Amino acid sequence: LPIDAMARELIAGRGSTYAHPPANFYRALRDEQVRAEAVGQVFLGLRLQCARCHNHPFDRWKQDDYHAFASLFSRVRYQIVSNDKRDMLDKHEFNGEQVVYMARTGEYKHPNGSGQVAARILEAKEAMPASDDPLVALADWVGSAKNPYFAKAQANRIWRHMMGHGLVPGGDNFGAAGTPPKDPALLDWLASEFLSHGGSTKHLIRAIALSRTYRLGHEADANGMEKDPDNTTWWRHERRRLDAESLRDSILAVSGRIDLEPLRGTLLPQSSEGPAIGPMGNGGAEVSTAKRSIYLPVLRDAAPESLALFDGADPSLIVPERHPTTTPAQGLFLLNNLEMVRNGEALARKVLELEGTDAQRVAHMAKVIWNRPARPRELDTALEFLEAFTRKRGGLPQRARVEAFGALAHAQMASADFLLVP
């Protein structure tokens, strides 16, 4: 699904939050102003919050623009079918099916007391006719070539994911008060490529990946470090750690345990299935599953450890840019987590089924994990480790070999060559 089509489905989404997933976009956006700010930031790369209560002297969006835009969402209503919430005193918790629908009329009053505000899309000079569906009209405008913001915001985000930092720092402040793009011509070209190929992220990723800039090495030189130590002109590749979801999925993928089938239902235990151990109960452990990270349930104050430790985004907030941290807890997780041990042993069993010598098995495992051939010194060190581990482990030889290869795979999956984007 092209990202512009996805944006249309989310913005115009309504119906059952169970039967029609796009309707969940409005599930957590319970008032007009929050909806307007979320749509502006996520789909347009605009921070409209400053215009909520005053006219910002340096930005083009004034208070009247903000409230006319917020008025577009004034007809959104909710029918709560069920709400099996844990805290009966929490008015903001909804755990059950809801139906999002559009009322025939809606009223949005300007906070300055000037009366009702007519709905109007940003950039539009005329108010929207009352007979039009405001969300459908907004959704059509957001994904169209008439909107100058959507394509640039998406192009900037794709560039940032691939190159380490965006052409517009922060990624969601394209207004006049934001930081101007470092290379406006490049951003315009990326946006035009995005639009001319039907909003295809795949095409834009391919175009960037085939560029000389993307294929540069990460090695630094004295001249470059003197002129541009922060690499703002992308004169070298930035090595950075995989994000939380990619790291977990990559570990599952190289081990062969990953389950690529789409999830049906939920991974959370339901009230009819007995006491919950995990995010919903008092067990504290995350759900154990080989499904991709996109399917992991994330509850308030109970994010999965594998995501929370590695700077996973808070799903209740708009997080345009993650700021990676390096902490001792991350290293302890990689070395001691039971899932890491299981993944190492799963890969070890697959490698031991291969025909050939241990040297060939070690070389194969290194290529699977690091996506490159092992260097001679790495091969020698690995073979020495396997011999010493097996001799010290003792017991059944076959079990000792599985544990030895599992420990080697575990160590390689916790290494910098695996954790960092090459």
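1. A nonpolar core is a set of buried Ala, Val, Leu, Ile, Met, Phe, Trp, Tyr and Cys residues joined through side-chain atoms within 4.5 Å. Keep that in mind as you look at this structure, which is a predicted model.

2. Let's begin with the largest nonpolar core, which has 58 residues. Tyr-26, Phe-43, Phe-69, Phe-73, Leu-138 and Val-142 are the members that touch the most others. The biggest contribution to this core comes from helix H5 (residues 150-163), which supplies 8 residues. There is also a second, separate core of 34 residues, and Leu-309, Val-351, Leu-386 and Leu-419 are among them.

3. Leaving aside residues up to four places away in sequence, Phe-43 touches Ala-7, Leu-10, Ile-11, Phe-25, Ala-38, Val-142, Phe-150, Ala-153 and Gln-154.

4. One of those partners, Phe-25, sits in the loop between strand S1 (15-16) and helix H2 (32-43). Is Phe-25 buried or exposed? Phe-25 counts as buried because its relative accessibility is 18%, and the cut-off for buried is under 20%. With residues up to four places away in sequence again left out, Phe-25 touches Leu-10, Val-39 and Phe-43.

5. Finally, have a look at helix H1 (residues 3-11), where Ile-3, Asp-4, Ala-5, Ala-7, Leu-10 and Ile-11 are buried. What covers these buried residues of H1? The cover includes H2, helix H4 (134-142), H5, helix H6 (184-196) and helix H7 (201-209).

Technical notes: Residues are numbered from 1 along each chain as its sequence is written. This is a predicted model: local features need pLDDT of at least 70, side-chain atom pairs count only at pLDDT 80 or more; totals for chains, interfaces and linings use all residues. Side-chain values use heavy atoms; hydrogens and water are left out. Helices (H or I, at least four residues) and strands (E, at least two) are DSSP runs, numbered from the N terminus. Buried means under 20% relative accessible area, exposed over 50%, partly exposed in between (1.4 Å probe, protein chains only). Contact means heavy atoms within 4.5 Å.
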